[in-house]
Amino acid sequence: MSSVPLSLYLALALILFCIGLYGALTKRNIIIVLISIELMLNAVNINLVAFSKFGVMPSITGQIFALFVMAVAAAEVAIGVAILIALYRNRNTVNIDEVNTLKN
Amino acid sequence: MTFSGELLAFMSLALVAIAGGVLLLNLNKVVHMVIALVFTFVSIAGIFILLSAEFLASVQILIYSGAITIIMLFGIMLTRHSETNVPKTGRLRKLLLFLGILGFGFAFYIGIYNLDFGQEAADLHVNNTEQIGIALYSKYIIPFELTSVLLLATLVGAIILAKSDDKKEAEKE
């Protein structure tokens, strides 16, 4: 039996998720918002891998799901940076609260 | 729960991961924030090794602390950032958000703090990459192919979004 219980892994993932959520909701720089979202996805990956070892039916499936999450996260970052650069070219800003064209 | 080397390794890795996250929230310069997050990503790779997912750990280091960080640094270098910190607006909003997230975290902690299914996979670390490969190419072949379609769409989309609009710039001049 492993000496680190499942709940410690889940607690670590929960803390990282909360940090990422706070960063994504409060920071004004788009790059930091994107990277906070990456942190949240990573916390989810920890949960998936932890359940693949300690879950109700332990199997390799959790690790495969984590791989898919990583692929989608990488795609998301590429699109995010492309949008950031297009936005910077048009509005000359990287602050998220200056991007309010739809508001007026 | 007895004291052991595994617990010690977990605790130090978790400490580095959380410290990286806290630094992300508190540093001022954008580059420093991204570098702080690299520590978090690397220690999450260590956590994966503790959970007997060696292949995922190497992929984590390759993709996150390699590719994603470099893409982010390119994004930072291609745009201009004000060096000074953000103005002091929305302090009440920040406080409310902090309390809300604290409540969210506490609610989830109640749910997980003594969760234990009492069983453990014993054979995940034996030929880990081979197991992942066999499962990926037999059981999950359709999601795998869909992922390749997604990556292709991302490639095309990123190029179209980021390419300079020649016609519009010619009109401006």
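Axes are lines fitted to C-alpha atoms, for helices over the stretch in contact, and angles run from 0 to 180 degrees between N-to-C directions. The model is predicted: local features need pLDDT of at least 70, side-chain atom pairs count only at pLDDT 80 or more, and totals for chains, interfaces and linings use all residues. Residues are numbered from 1 along each chain as its sequence is written, and chains are lettered from A and ligands numbered from 1 in the order in which they are written.

H1(A) packs against helix H4 (residues 91–112) of chain B at an angle of about 160°, with the axes 10 Å apart. Helices here are DSSP runs (H or I, at least four residues; strands are E, at least two), numbered from the N terminus. H1(A) is therefore roughly antiparallel to H4(B) (under 35 degrees is roughly parallel, over 145 roughly antiparallel, 65 to 115 roughly perpendicular, the rest oblique). The crossing of the two helices is right-handed, that is, the near helix is turned clockwise from the far one by less than a right angle. Residues of H1(A) in the contact include A:Leu10, A:Leu14 and A:Leu21; those of H4(B) include B:Phe98, B:Phe104 and B:Phe108. Contact means C-beta atoms, placed from the backbone, within 7 Å. By class, the contact holds 14 nonpolar, 3 polar and 1 charged residues. Ala, Val, Leu, Ile, Met, Phe, Trp, Tyr, Cys and Pro count as nonpolar, Asp, Glu, Lys and Arg as charged, and the others, Gly among them, as polar.

Across the whole interface, 73 residues of chain B are in contact with 60 residues of chain A. On the chain B side, H3(B) gives the largest share, 12 residues. That side has 54 nonpolar, 15 polar and 4 charged residues.

The largest nonpolar core has 66 residues. Such a core is a set of buried Ala, Val, Leu, Ile, Met, Phe, Trp, Tyr and Cys residues joined through C-beta atoms within 7 Å. Both chains contribute helices H1, H2 and H3. H2(A) provides the largest share, 13 residues. A:Ile46 is among the residues with the most contacts inside the core. Beyond its neighbours within four places in sequence, A:Ile46 touches A:Tyr9, A:Leu12, A:Ala13, B:Ile44 and B:Ile47.

B:Ile132 lies in helix H5 of chain B. The residue is buried, with 21 other C-beta atoms within 10 Å (20 or more is buried, 12 or fewer exposed, in between partly exposed). Leaving aside neighbours within four places in sequence, B:Ile132 is in contact with A:Ile60, A:Gln63, A:Ile64 and B:Phe55. Its C-alpha atom is 9.7 Å from that of B:Ala53, 79 residues apart along the chain.

Methods: Two residues are in contact if their C-beta atoms, placed from the backbone, lie within 7 Å.
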